[in-house]
Amino acid sequence: MSHHNSEARPFSPLVLTLSLTTATAIPALATAQSASPSVVEGPPTRIVGFETANVNHAGTVEFNIGARQNSPDTPTGTGNQIYNGGGSYAFTDRFTMGIDVQNFVDPIGGPVAGFPTIPQIETTEVALWGKYQLFNNGRLSVAALGSVENFAALRSDFWGGFDTTQDGVFVGAIKAPITYSISPKLQLHLTPGVTLAPDDIAGDEFYGTIVSLGAGVSYRASNRVLMFGTIETAVSGDNTINSDGNFESVPVWTVGGRYNVTPRLGLEGYLTNGWGNTPATSVMTFWPDGDDVLAGARLIYTPGANRPVSYRSLSLPPTTRQVNLQQDGFTLGSADTLEPGMLRTDVWGGNDSNQGVSLSFSPDRDGEIQVIFEKYSDNPTADQDLVPTTSVRYMVGPKLRFMDQNNGNLFSLTGRMLYGRQINSDPTKVGVFYTDLIANYKTRNGFSFTASPKIGAFGNNELVGFGMGVNYGFDNGLELIAEVTPIGRDGDEATWAAGARYHLGKSGFTVDAQATNAIGRHGIGSMVAQDDTRFALTLSKTFDLNGLKFY
């Protein structure tokens, strides 16, 4: 194995690009689903990376995007993130084809003997797969799956040295999953398989052929809740690299569940020691030793024209005020999501070099995807230990609404997760994790109150905050907004923002002006304060994409 010392590089946008490209290219096929039942309420076709013998019905389009990471207490700061995404289409009730993409750009979870620093790996893998159900008598089903997978980019201290990019590395898998239904809710899964990989890369040992056997269980507690657990082990060959630098066999385990936000949108949360999400890599553990526990989340979206859009009994058209409140505040998010098919763009700038642009798109009721590019303030009065970077950085992640005051709930409740890194040429790319929970209550007299616990972390820094905001809307489209977020853990100075927003009739344009002491508008930037007051202007535009052919 080659030894090399290098800093972590940024998450490649290929996962996001391919996932969004697929999401805009295939939905026209979803018209075949219009009279079909909810897919996310059915038995699982794949449990994270573990294959079952279940298949989707003809015409099903399924998209997924997610990430997993290990503990921020590891030697690599906020931990290591593995990004994944993909999509599939069921041509018949028995045959499905799909694509998976996964990306890892980080040091591994700990030191390995013979390497002066913690080894790192940069890899983007693309997998094409097909699955055919051979047998199904209502209780027992058997399927066959094959995949061809390519490492579009592979650089590693383990294989050829990090300064050398390895091209044309192909792997693949053949699997024969078996599923037995004890009841309509409870299923047992047995999955024998073979992963085919090179024996070496650039003269350094690689995985070679791995014969594996997996077992799992899934339980459908209700239409909205699925629980699962799996274990997959190599019965021939080795599936991980240990801290001594040798290959060995360690079982891959996963335990978690899925909660359906809507009949078309499911959110999975799980714990695993696995690295891979594709058919060939699902048997490989995270490095080294396979003893790191990674927490993962995955969104599964299955569009269908005539499927129910919500589990709530009410689905009233929003008022103008309710539509206006779908837009995020100055430093706090909105507890509402955009209407399905709507795209909002925000462009802002102010003193101390803070500037940014964001895109928010709602593919379905109660779901939103946010992509943000922002340059934080370079004011020297901010605690520089808490500023991840003043270079342009991106953030991307989902926003999901669990309760909706506009349609029957006592208040609105939304959760959001954003991952991000800087994107300049600096070899040290600082990864940042941010999540918040946003609760909102609207009164009849124009007031809107928000409470938002939030967490941001990078390196060895962790910030926690509790945001509080008030918004008052006038009938002419003017809103007055005030927000404050006390900060704890590694930070101790509260951030605040106050200003006005004006909606230009029904044009979709919005202009706002704010004063704030926060170094940024989104993510961890909304939690780091500077001594000097900043001023910023934002121009926003909302577009209706429902009339376009791709949506």
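Colleague: What makes the contact between Arg312 and Asp366 a salt bridge?

Modeller: The side chains of Arg312 and Asp366 meet at 2.7 Å, N to O. The cut-off is a Lys or Arg side-chain nitrogen within 4 Å of an Asp or Glu carboxyl oxygen, so the pair qualifies. Keep in mind that this is a predicted model.

Colleague: Are Arg312 and Asp366 buried or exposed?

Modeller: Both are buried.

Colleague: Which residues are linked with Arg312 and Asp366 in a network of salt bridges?

Modeller: Asp336, Arg401, Asp404 and Lys442 are linked with them. Take Asp404 and Arg401: their closest N and O atoms are 3.7 Å apart. The limit is 4 Å, so this pair also counts as a salt bridge.

Colleague: Why are Asp404 and Arg401 called buried?

Modeller: Buried means under 20% relative accessible area. Asp404 has 1% relative accessibility, so Asp404 counts as buried. Arg401 has a relative accessible area of 2%, so Arg401 is buried too.

Colleague: How many salt bridges does this rule give?

Modeller: The count comes to 23 salt bridges. One of them joins Asp346 to Arg344, with the closest N and O atoms 3.4 Å apart. Asp346 and Arg344 are both buried.

Colleague: On to the core. Which residues have the most contacts inside the largest nonpolar core?

Modeller: They are Ile121, Phe158, Trp159, Phe206, Tyr207, Trp275 and Trp287. This core has 28 residues. Strand E7 (140–156) and strand E8 (169–175) are the elements that give two or more residues to it. The largest share, 3 residues, comes from E8.

Colleague: What makes the peptide bond from Trp287 to Pro288 stand out?

Modeller: The bond is cis, with omega near -15°. Most peptide bonds are trans. Pro288 lies in the loop between strand E18 (265–272) and strand E19 (294–301). Asp289 is found in the loop between E18 and E19 as well. Phi of Asp289 is near 75°, a positive value in a residue other than glycine.

Colleague: What is the phi of Val48, and where does Val48 lie?

Modeller: Phi of Val48 is near 60°, again positive in a residue other than glycine. Most residues other than glycine have a negative phi. Val48 lies in the loop between strand E1 (46–47) and strand E2 (50–51). At 2% relative accessibility, Val48 falls under the 20% limit and therefore counts as buried.

Colleague: Now the surface. Which residues make the nonpolar patch?

Modeller: Val347, Val357, Phe373, Val392 and Ile423 make a patch of about 360 Å². Val357 lies in strand E21 (residues 355–364).

Colleague: Why is Val357 called partly exposed?

Modeller: Its relative accessibility is 33%. Buried needs under 20% and exposed over 50%, so Val357 falls in between.

Colleague: What forms the negative surface patch?

Modeller: Asp383, Asp385, Asp492, Glu493, Asp531 and Asp532 form it. Asp383 is found in the loop between strand E22 (367–375) and strand E23 (393–403).

Colleague: How do you know that Asp383 is partly exposed?

Modeller: Asp383 has 39% relative accessibility. That lies between the 20% and 50% limits, so Asp383 counts as partly exposed.

Methods:
Residues numbered from 1 in each chain as written. Predicted model: local features only at pLDDT ≥ 70, side-chain atom pairs only at ≥ 80, totals over all residues. Heavy atoms only, no water. Patch = residues over 30% accessible without salt bridge, like charges linked within 9 Å, V, L, I, M, F, W, Y side chains within 5 Å. Areas by Shrake-Rupley, 256 points an atom, 1.4 Å probe, with all protein chains shown as cover. Lys, Arg positive; Asp, Glu negative; His and termini not counted. Charge placed at Lys NZ, Arg CZ, Asp CG, Glu CD. Helix = DSSP H or I, 4+ residues; strand = E, 2+ residues; numbered from the N terminus. Buried < 20%, exposed > 50% of the residue type's maximum accessible area, 1.4 Å probe, protein only. Core = buried A, V, L, I, M, F, W, Y, C linked by side-chain atoms within 4.5 Å.
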